[in-house]
2 protein chains.
Amino acid sequence: MEKNVNTENVRAQMRKGVLEYCILLLLAKEDAYASSIITKLKEANMIVVEGTLYPLLIRQKNQGLLQYRWEESPQGPPRKYYAITDKGREQLEEMNNAWHEIVTTIENIKN
Amino acid sequence: MEKNVNTENVRAQMRKGVLEYCILLLLAKEDAYASSIITKLKEANMIVVEGTLYPLLIRQKNQGLLQYRWEESPQGPPRKYYAITDKGREQLEEMNNAWHEIVTTIENIKN
DNA sequence: AACCAATACCTTGCAAGACAAAGTACCAAA
DNA sequence: TTTGGTACTTTGTCTTGCAAGGTATTGGTT
């Protein structure tokens, strides 16, 4: 049991660095609203919670990487659909490079 | 120029999650002291500064992942050589798994 | 002896970010 | 009109990265 807690910490730590990257990757494929992003990331094993995601989306929007529009929901309150901007795609390019570099670096350290 | 600053931020963000992992990877190969760890990581493109590394080493030592011994230096003050412990190797195992999982997850999200 | 440069280690204060938890709001069906 | 489901938002706490400044040891120079 204790081991599982520890394992979760390790994974959580590593996820932090790539969260923004994952959001942009997802939104580059299709627009989405926060709750659906959480579901998608959970399916992909990348757990995020609301208290993390909402501020993050707002930050990325303020940086001009994302924009949003309101859209009615078939059930419940309207949804805030986020879409990636041109600037966001540029940033995604950078992140692709950065990610590739990190993966390479780790391989190098491992030898 | 602005782009470079941004690029650095992106890289810094991603490095964060794997720093502890890198330390354990290095120390699993051979004992080392803080300054030499900084040099090695810099060579591997994984920039760390003293204010980050010292607290991190102390944290890992307090978690029982590392231990240290003093050793005289050919020049200058004595060095604090860190060595990985059995518990540290267990943790490294976990981190290897976690890292592998993250890499796979990103690939999945990319499709 | 006094000073300096190089090498090491350590601490402080700030800022960013992850997350748990609690709160607000909308809608439809019972 | 109350309940349950969906969705968005905020607050407070804790951790962590890092710039900047500080302390200590050694060997060579003046």
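**Ground rules**

I number residues from 1 along each chain as its sequence is written, with chains lettered from A in the order in which they are written. The model is predicted, so local features need pLDDT of at least 70 and side-chain atom pairs count only at pLDDT 80 or more, while totals for chains, interfaces and linings use all residues; side-chain values use heavy atoms, with hydrogens and water left out.

**Entry 1: the fold of chain A**

I began with secondary structure. Chain A has 5 helices and 3 strands. Here helices (H or I, at least four residues) and strands (E, at least two) are DSSP runs, numbered from the N terminus. I read the order from the N terminus as α-α-β-α-α-β-β-α. Along the principal axes, the C-alpha atoms of chain A fill a box of roughly 50 × 40 × 20 Å.

Next I looked up burial. Buried means under 20% relative accessible area, exposed over 50%, and partly exposed in between (1.4 Å probe, protein chains only). Of the 111 residues in chain A, 44% count as buried. I then took the contacts (heavy atoms within 4.5 Å). Among those in chain A with a separation of 6 or more, 47% join residues 24 or more positions apart.

**Entry 2: helix 2**

How many of the 11 residues of helix 2 of chain A are buried? I found 9, so this helix is largely enclosed by the rest of the structure. The buried residues include Glu20(A), Tyr21(A) and Cys22(A). Leu24(A), Leu25(A), Leu26(A) and Leu27(A) are also buried.

I checked chain B as well. Glu20(B) and Ile23(B) are among them.

**Entry 3: how the copies relate**

Which surface does each copy use? I found that 100% of the interface residues of chain A are also interface residues in chain B, so the copies meet through the same surface.

**Entry 4: the interface**

The contact takes 36 residues from chain A and 36 residues from chain B. I looked up the buried area, the accessible area (1.4 Å probe) that two parts lose on being put together, summed over both. Between chain A and chain B this is about 3,500 Å², with 64% from carbon and sulfur atoms. Met14(A), Trp99(A) and Ile109(A) supply 20% of the area that chain A buries against chain B, more than any other three residues.

I counted 7 residue pairs in polar contact between the chains, both residues at pLDDT 80 or more. A polar contact is a pair of N or O atoms within 3.5 Å; within protein, one must be able to donate a hydrogen and the other to accept it, and residues adjacent in sequence count only if both atoms are side-chain atoms.

Helix 1 (2-16), helix 2 (19-29) and helix 5 (86-110) of chain A each give two or more residues to the side that touches chain B. Helix 5 gives the most, with 14 residues. By class, this side of chain A has 17 nonpolar, 10 polar and 9 charged residues. Ala, Val, Leu, Ile, Met, Phe, Trp, Tyr, Cys and Pro count as nonpolar, Asp, Glu, Lys and Arg as charged, and the others, Gly among them, as polar.

I found 2 salt bridges between chain A and chain B. The term means a side-chain nitrogen of Lys or Arg within 4 Å of a carboxyl oxygen of Asp or Glu. One joins the side chains of Glu101(B) and Arg11(A) at 2.9 Å, N to O. Glu101(B) sits in helix 5 of chain B. Its relative accessible area is 29%, so Glu101(B) is partly exposed. Beyond neighbours within four places in sequence, Glu101(B) contacts Arg11(A) and Asn45(A).

I turned to Arg11(B), in helix 1 of chain B. Is Arg11(B) buried or exposed? Its relative accessible area is 12%, so Arg11(B) is buried. A polar contact of 2.9 Å joins the side chains of Arg11(B) and Glu101(A). Arg11(B) also touches Glu94(A), Asn97(A), Ala98(A) and Ile102(A).

**Entry 5: positive phi**

Asn45(A) is not a glycine, yet its phi is positive, about 80°. I place Asn45(A) in the loop between helix 3 (34-43) and helix 4 (50-62) of chain A.
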